[in-house]
Amino acid sequence: MEINMSAVLGPIVLLSLSVFLINSRLAILPRYFRATFTLVLILYLLPPRAIDTMSSPSASTLALAEAFKNRRSTHTLSDDITLPDARIQEIIHDAVKHSPSPFNYQGSRVVLLLKAEHHKFWDIAREVAQAKIPAQVFKERYEARINMFRAAYGTVLFFASGSKLKDLQTQYPLLVDHLPQWEEHMSGMLQYAVWNMLTSEGLGCNLQHYNPMVNTRVAEEWKLPADWSLKAQMVFGKPVGELREKTFEPVEGTRFFVHGV
Ligand SMILES: Cc1cc2nc3c(=O)[nH]c(=O)nc-3n(C[C@H](O)[C@H](O)[C@H](O)COP(=O)(O)O)c2cc1C
């Protein structure tokens, strides 16, 4: 750990000085005056960085942590949003540009569907699900959910480029078997970035996986390259109704361990 010497020495010197002044027989001012003055002097001269690094997390960390805590799966959504389309595009542009990827190969691809195009996606999902899933299961598990997602404002389709992955595998033959898994990690990180940013703007989101059953229809409808593989769909809109209760398993000692503190 790096130690800031001025941060450590400054307060020690000032503290010693104050003790000296308070106890000194030469002092003319009353004792409480000297004590208050010295305290103010200490607080004034204490290097601000020392205060920052000693006790308080940075404002941006707090804002990030708050966003992570507030991110939830919100399934009941309406299309009645006030966030401009341009802002939604900007968020997704930033997330696509800045999210990490193995060796910075930048294999993520995204298609943003708004309003009528979003409806089109969920109409396709309904059609495909109805054709592929036994009628009873479709009725019980899919129909109402698909209608619920369709009622939202938009859907983000997350893909990864198969040809970019192949190029990377050619470049790193020793990692051939690992790279497909890292491609999934890359997409997950991007999905998480978008989820947090849209939530921070007041939207509700949920993550769906109608792939692979909708893959062919999606590629045809939006004229996408054949090597793009669909990873997930994020539905977003105005949150309506209550959030589902979320429970947490113990973290320390069960899911999180620290050594060397
Ligand atoms: C990799 C992954 C896949 C998920 N797949 C789905 C899904 O297909 N459908 C769905 O409704 N939620 C899906 N979820 C959302 C989880 O159910 C949800 O994150 C979890 O229950 C915790 O709730 P929270 O998101 O409100 O914190 C998925 C989440 C992750 C991380």
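## Strand pairing around β3

R109 stands opposite F159 in β3. Strands here are DSSP E runs of at least two residues, helices are H or I runs of at least four, and both are numbered from the N terminus. β2 and β3 pair in the antiparallel sense, over 7 bridges. Two strands count as paired if DSSP finds at least two bridges between them. β3 also runs antiparallel to β5, joined by 8 bridges. A160 has S229 of β5 as its bridge partner.

β3 is largely enclosed by the rest of the structure, because 7 of its 8 residues are buried. Buried means 20 or more other C-beta atoms within 10 Å of the residue's own; exposed means 12 or fewer, and partly exposed lies in between, with C-beta atoms placed from the backbone.

## Model and overall make-up

This is a predicted model: local features need pLDDT of at least 70, side-chain atom pairs count only at pLDDT 80 or more, and totals for chains, interfaces and linings use all residues. Residues are numbered from 1 along each chain as its sequence is written.

The chain's secondary structure comes to 10 helices and 5 strands. Of its 261 residues, 21% are buried. Among contacts between residues at least 6 apart in sequence, 81% join residues at least 24 apart. A contact requires C-beta atoms, placed from the backbone, within 7 Å.

## The nonpolar core

The largest nonpolar core has 38 residues. Such a core is a set of buried Ala, Val, Leu, Ile, Met, Phe, Trp, Tyr and Cys residues joined through C-beta atoms within 7 Å. V194, L198 and F236 have the most contacts inside this core. Elements giving it two or more residues include β2 (108-114), β3 (154-161) and β5 (228-239), along with helices such as α7 (135-150) and α9 (179-200). α9 provides the largest share, 6 residues.

Beyond its neighbours within four places in sequence, V194 contacts I91, I92, A95, V156 and M234.

## F149 in α7

F149 is found in helix α7. F149 is buried because 23 other C-beta atoms lie within 10 Å. Leaving aside neighbours within four places in sequence, F149 is in contact with W122, Q208 and V235. T76 is 73 residues from F149 in sequence, yet 7.6 Å away in space, C-alpha to C-alpha.

## Ligand surroundings

Which residues are around the ligand? They are R72, S73, N206, L207, Q208, H209 and K246. Each has its C-beta atom, placed from the backbone, within 6 Å of the molecule. The shell divides into 1 nonpolar, 4 polar and 2 charged residues. Ala, Val, Leu, Ile, Met, Phe, Trp, Tyr, Cys and Pro count as nonpolar, Asp, Glu, Lys and Arg as charged, and the others, Gly among them, as polar.

Definitions and conventions: Contact = placed C-beta atoms within 7 Å.
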